[in-house]
Amino acid sequence: MNIPPRVTLILSILLLIGLAWLDISSRDEVRITSLYLIPIILVTWNNSRKWGYVFAAISLVLLFAVGPIAGPAPNRHLYFYIETFGRLLSYLIVIVMASKLRAAYDSERKLARTDGLTCLMNRHAFYTSLEVEIARGTRHAQPFSLLYMDCDNFKLVNDTMGHREGDKLLRLIGETIRTNVRSGDYVARLGGDEFAIFFPDTNDKGIVAIAAELTQKLKRAVAARYPQVSFSTGIAVFLNTPPSLEEVVMRADELMYKVKSAGKNGLLQAVF
């Protein structure tokens with residue numbers, strides 16, 4: 001259950017208040033102390049382990065306070081304190097388990113959306129994000145651009161320098177692209193030596209300068225160690241609503257392959 005952290009805090013506070021009221025109203029007729037785990041788990045999962053500890057402490061304070069509020073001061077025997085310690089221990093165990101499960105969940109989710117070599121978005125995550133951004137651009141009548149880039153002579157690097165060196169080259173390309181685009185742009189490694197960048201809210205004039213500068217920075221980044229490498233780039237600029245995501249991808253892909261067929265190491269742009 002993924003709830004915004006602020007909403008989780010408000011909901012958990014209301015739950016604690018409700019549980020405390022129920023505890024006071026029922027006196028000893030109903031045992032509801034285990035229900036305090038609900039807000040504890042909620043804040044641990046959606047906020048952090050620290051918030052889980054805070055709510056565990058509040059729950060224990062309420063456990064001690066409910067008795068005197070509900071009636072005459074109770075005569076608390078050793079059993080009460082043993083039970084309270086056991087409850088504290090159970091809270092701590094649940095908090096640690098919930099936080100570890102959340103960390104594992106977040107890690108798996110990230111791996112499902114990330115290219116393991118370059119740490120860029122993978123093909124599936126990229127296309128999923130494209131669908132959302134294209135729909136947003138259509139609603140607001142905003143132009144956008146899709147850039148497809150292929151690393152020329154990548155196979156030559158693998159054959160002459162080894163696959164490990166080829167992996168270093170791909171990581172270098174990915175890092176260079178990531179550090180030279182806007183924060184709102186989407187960058188992905190589509191597979192092999194192909195990369196893609198989605199530029200929201202960019203027209204045909206703005207994208208030319210962006211793509212040219214990026215290509216130059218990539219060439220400078222790889223020149224010293226990989227002088228045989230260049231880049232073939234196709235850019236599809238959409239000023240009007242495209243019929244589908246497939247159409248957007250196909251246009252950029254076609255432009256990139258035209259550059260490859262014409263001798264590589266170039267940039268071709270078209271407006272749709």
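Mentor: Let's begin with arginine 251, which counts as partly exposed at 25% relative accessibility. Buried would be under 20% relative accessible area, exposed over 50%, and partly exposed is in between, using a 1.4 Å probe and protein chains only. Keep in mind that this is a predicted model, where local features need pLDDT of at least 70, side-chain atom pairs count only at pLDDT 80 or more, and totals for chains, interfaces and linings use all residues. Residues are numbered from 1 along each chain as its sequence is written, and side-chain values use heavy atoms, with hydrogens and water left out.

Trainee: Okay! Which residue forms a salt bridge with arginine 251?
Mentor: Glutamate 254 does, with the closest N and O atoms 4.0 Å apart. A salt bridge here is a side-chain nitrogen of Lys or Arg within 4 Å of a carboxyl oxygen of Asp or Glu. Glutamate 254 is partly exposed, at 37% relative accessible area.

Trainee: Where do arginine 251 and glutamate 254 lie?
Mentor: Both lie in helix H9, 3 residues apart, which is about one turn of the helix. Helices (H or I, at least four residues) and strands (E, at least two) are DSSP runs, numbered from the N terminus.

Trainee: How many salt bridges are there in the whole structure?
Mentor: A search finds 10. One of them joins the side chains of aspartate 152 and lysine 260, at 3.1 Å from N to O. Aspartate 152 is in strand E1 (residues 144–152) and lysine 260 is in helix H9 (residues 245–261), so this pair ties together parts 108 residues apart in sequence.

Trainee: Is aspartate 152 buried or exposed?
Mentor: Buried, because its relative accessibility is 0%. Asp152 also belongs to a network of salt bridges that links Asp150, Asp152 and Lys260.

Trainee: What about aspartate 159 and lysine 155?
Mentor: Their side chains meet in a salt bridge too, at 2.8 Å from N to O. They are 4 residues apart in helix H6 (residues 154–161), so about one helical turn separates them. Aspartate 159 is exposed at 53% relative accessible area, and lysine 155 is exposed at 61%.

Trainee: New topic! Which residues make the nonpolar surface patch?
Mentor: Ile10, Ile13, Leu14 and Ile17 make a patch of about 390 Å². Leucine 14 sits in helix H1 (residues 5–26) and is exposed, with a relative accessible area of 53%.

Trainee: What counts as a patch?
Mentor: Patches use residues with over 30% relative accessible area and no salt bridge, joining like charges within 9 Å and nonpolar side chains (Val, Leu, Ile, Met, Phe, Trp, Tyr) within 5 Å. Accessible areas come from the Shrake-Rupley method with a 1.4 Å probe, and for residues only the protein chains shown count as cover.
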